[in-house]
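Here's a quick briefing on a protein model. Have a look at the structure first, then read on.

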Amino acid sequence: MATWADLVCPILLMVVLLCRPAFAFYLPGSYMHTYSTGDKISVKVNSLTSIETELPFSYYNLPYCRPDEGIKKSAENLGELLMGDQIDNSPYRFKINVNESLFLCTTKPLSEHEVKLLKQRTRDLYQVNMILDNLPAMRYTQQKNGALIQWTGFPVGFTPSGGSEDYIINHLKFKVLVHEYEGSGVQIIETGEEGLGVISEAEKKKANGYEIVGFEVLPCSVKRDPEVVSKLNRYDQIDPVSCPLELEKSQIIREGERVSFTYEVEFVLSDIRWPSRWDAYLKMDGARVHWFSILNSLMVIFFLAGIVFVIFLRTVRRDLTRYEELDKEAQAQMNEELSGWKLVVGDVFREPSCSKLLCVMIGDGVQIAGMAVVTIIFAAFGFMSPASRGMLLTGMIILYLFLGIAAGYIGVRLWRTIKGTSEGWRSVSWSISCFFPGIVFVILTVLNFILWGSNSTGAIPISTYFVLILLWFCISVPLTLLGGFFGTRAEEITYPVRTNQIPREIPARKYPSWLLVLGAGTLPFGTLFIELFFILSSIWLGRFYYVFGFLLVVLFLLVIVCAEVSVVLTYMHLCVEDWRWWWKAFFASGSVAVYVFLYSINYLVFDLRSLSGPVSAILYMGYSLIMAFAIMLSTGTIGFLMSFYFVHYLFSSVKID
């Protein structure tokens with residue numbers, strides 16, 4: 001689970017930087033290690049993953065060689081556990097700057113179950129993920145047109161096109177890129193698991209050596225002579241292999257076969273420096289298209305938002321100016337003739353239906369929106385590097401828990417405003433703290449039972465369940481109640497007009513108002529859908545997403561457009577004498593979630609066509625539903641709060657007798 005160091009390190013780092021502004025530093029990433037020639041370094045293994053099933057499995061779920069000292073799990077934070085990462089040690093050992101070809105082990109004759117499992121993992125395109133000095137193993141495949149495709153990890157096995165047999169990957173050719181580092185010329189401020197500190201002058205000289213800046217792998221299948229390998233011990237030297245080999249020389253997956261695992265390692269000097277070593281991983285596919293598409297989207301949205309803003313200002317200002325320039329007699333006559341928003345002055349602040357649910361959803365929306373904004377800002381400034389696995393999700397959870405105080409404050413203050421009293425604020429606060437987390441908890445529990453049934457490492461352990469529940473009821477709930485208490489003590493928001501006892505009749509409409517509300521979500525979706533494609537690709541296709549600067553700009557535009565769309569729609573409803581604007585203001589911008597969910601289905605059908613099996617589809621739809629629900633609450637809250645401010649300002653600007 002998350003450590004306090006994960007939370008305070010960014011704050012301490014900022015303090016150090018302010019105090020020592022002249023020094024260069026590396027931000028973000030793990031602790032920088034330097035090695036001397038001959039130093040031993042171990043490779044770690046992560047869960048097996050596949051874009052075919054989206055079900056991660058343990059590396060040692062397959063008959064791979066196990067380390068002599070036994071399997072030891074690396075420390076995992078809360079985010080890693082929730083993402084299904086299971087990082088273990090492995091028997092692969094390297095010596096810095098020593099090129100070797102080594103024998104690892106030979107398995108027992110494969111059983112029927114092991115053969116079935118290997119074939120299934122091969123057919124489902126499972127990838128083996130290895131980590132060296134916090135860098136994932138990367139491989140390159142060349143297309144027919146000569147283009148190089150970058151992947152992380154290597155396949156469990158392969159099936160030749162048109163063939164019926166499967167072959168296992170049992171020989172790995174590693175290439176480790178190292179950069180010669182001289183510690184006397186640079187001061188490093190370190191961040192990561194080991195903590196934070198400044199390297200002293202004496203330590204700089206010790207830091208001279210080599211830093212690992214790249215980790216590449218070329219996998220192949222090799223059938224070894226049983227008599228030769230039977231005489232070998234672990235880490236004995238073997239002859240190098242030229243990959244790839246013909247099928248006749250490859251190791252077939254068949255019952256009774258004994259599989260020998262071997263590997264080669266080559267160290268290559270590189271000009272890549274430590275701060276740039278993640279650049280190769282963060283180059284997203286279609287980067288040029290991504291940038292131009294986002295820029296085009298920004299220009300279109302700015303143009304549309306400008307038009308909406310100008311129309312809104314001119315219309316409202318014209319109505320107010322025309323009304324306030326008249327004398328009292330003319331105003332009274334205008335009141336009788338006016339067929340617009342002025343006629344609903346006695347009903348515009350009438351209590352909406354399901355007012356408690358509205359307050360609860362607004363409170364949860366504030367909590368989610370605040371979490372998203374702060375997380376993306378921190379990520380844009382580099383505090384949540386992919387080098388720190390799981391930190392992004394861990395940070396989101398911690399921020400969500402502590403923003404419960406804002407959720408309780410806003411929700412209870414809105415409740416006081418609607419009801420005119422603080423009575424029942426505890427019930428509202430409890431509902432806010434349990435509404436969204438409770439729904440997510442139910443969905444995740446159902447999905448977790450499915451993952452447990454599949455023996456996947458993606459299943460949340462029982463211990464983690466208890467940790468999440470403790471965090472929920474020991475941090476989020478008390479802070480939400482505290483925020484609700486502050487909401488009862490905050491300055492009361494008074495309505496500028498009185499509400500009539502008898503509701504005004506709403507004129508009949510030619511078309512249902514919900515059609516207009518549903519259609520309003522298309523404009524916010526227009527700011528979001530391009531970035532949504534890359535986010536979904538990073539989640540479901542195993543790609544790194546690290547253009548948080550653009551995401552921050554898109555989020556800023558989304559907030560502006562949600563606010564404007566909701567305000568304009570509210571004004572349109574008031575102009576046709578429909579005073580029931582509360583929920584419509586919420587769903588005018590919140591309806592973007594409908595389009596997000598439909599787009600997720602479209603992405604599943606057309607972009608994840610390789611996704612196989614009902615279990616994978618259920619997992620995808622479950623997580624998409626959670627995402628769409630969170631987007632609805634956050635965008636709906638933004639639109640509602642802006643509409644409330646607009647209506648309050650509009651009617652406080654009118655002279656009421």
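This is a predicted model: local features need pLDDT of at least 70, side-chain atom pairs count only at pLDDT 80 or more; totals for chains, interfaces and linings use all residues.

Residues are numbered from 1 along each chain as its sequence is written, and side-chain values use heavy atoms, with hydrogens and water left out.

**Disulfides**

- The structure holds two disulfides (a disulfide is a pair of cysteine sulfur atoms within 2.5 Å).
- Count the bonded cysteines along the chain and you get the pattern 1-2, 3-4.
- The link of Cys 65 and Cys 105 is left-handed, with -90° about the S-S bond.
- Cys 65 sits in the loop between β1 (40-45) and α2 (78-83), and Cys 105 in strand β3 (residues 100-106), so this pair ties together parts that are 40 residues apart in sequence. (Helices are DSSP runs of H or I with at least four residues, strands are runs of E with at least two, and both are numbered from the N terminus.)
- The other pair is Cys 220 and Cys 243, with sulfur atoms 2.0 Å apart.
- That pair links distant parts of the chain, 23 residues apart: Cys 220 is in strand β15 (residues 209-220), and Cys 243 is in the loop between α5 (226-229) and β16 (260-269).

**Buried or exposed?**

- Buried means under 20% relative accessible area, exposed means over 50%, and partly exposed is in between (1.4 Å probe, protein chains only).
- Cys 65 and Cys 105 are both buried.
- Cys 220 is buried at 3% relative accessible area, and Cys 243 counts as buried at 16%.
- Cys 562 is buried too, at 0%, whereas Cys 474 counts as exposed at 53%.

**Two packed helices**

- Two packed helices are described by the angle between their axes and the distance between the axes.
- Helix α9 (residues 355-380) and helix α12 (residues 425-453) pack at about 55°, with their axes 9 Å apart. (Axes are lines fitted to C-alpha atoms, for helices over the stretch in contact, and angles run from 0 to 180 degrees between N-to-C directions.)
- That makes α9 oblique to α12; angles under 35 degrees count as roughly parallel, over 145 as roughly antiparallel, 65 to 115 as roughly perpendicular and the rest as oblique.
- Residues making the contact (heavy atoms within 4.5 Å) include Leu 357 and Ile 368 of α9 and Phe 435 and Phe 436 of α12.
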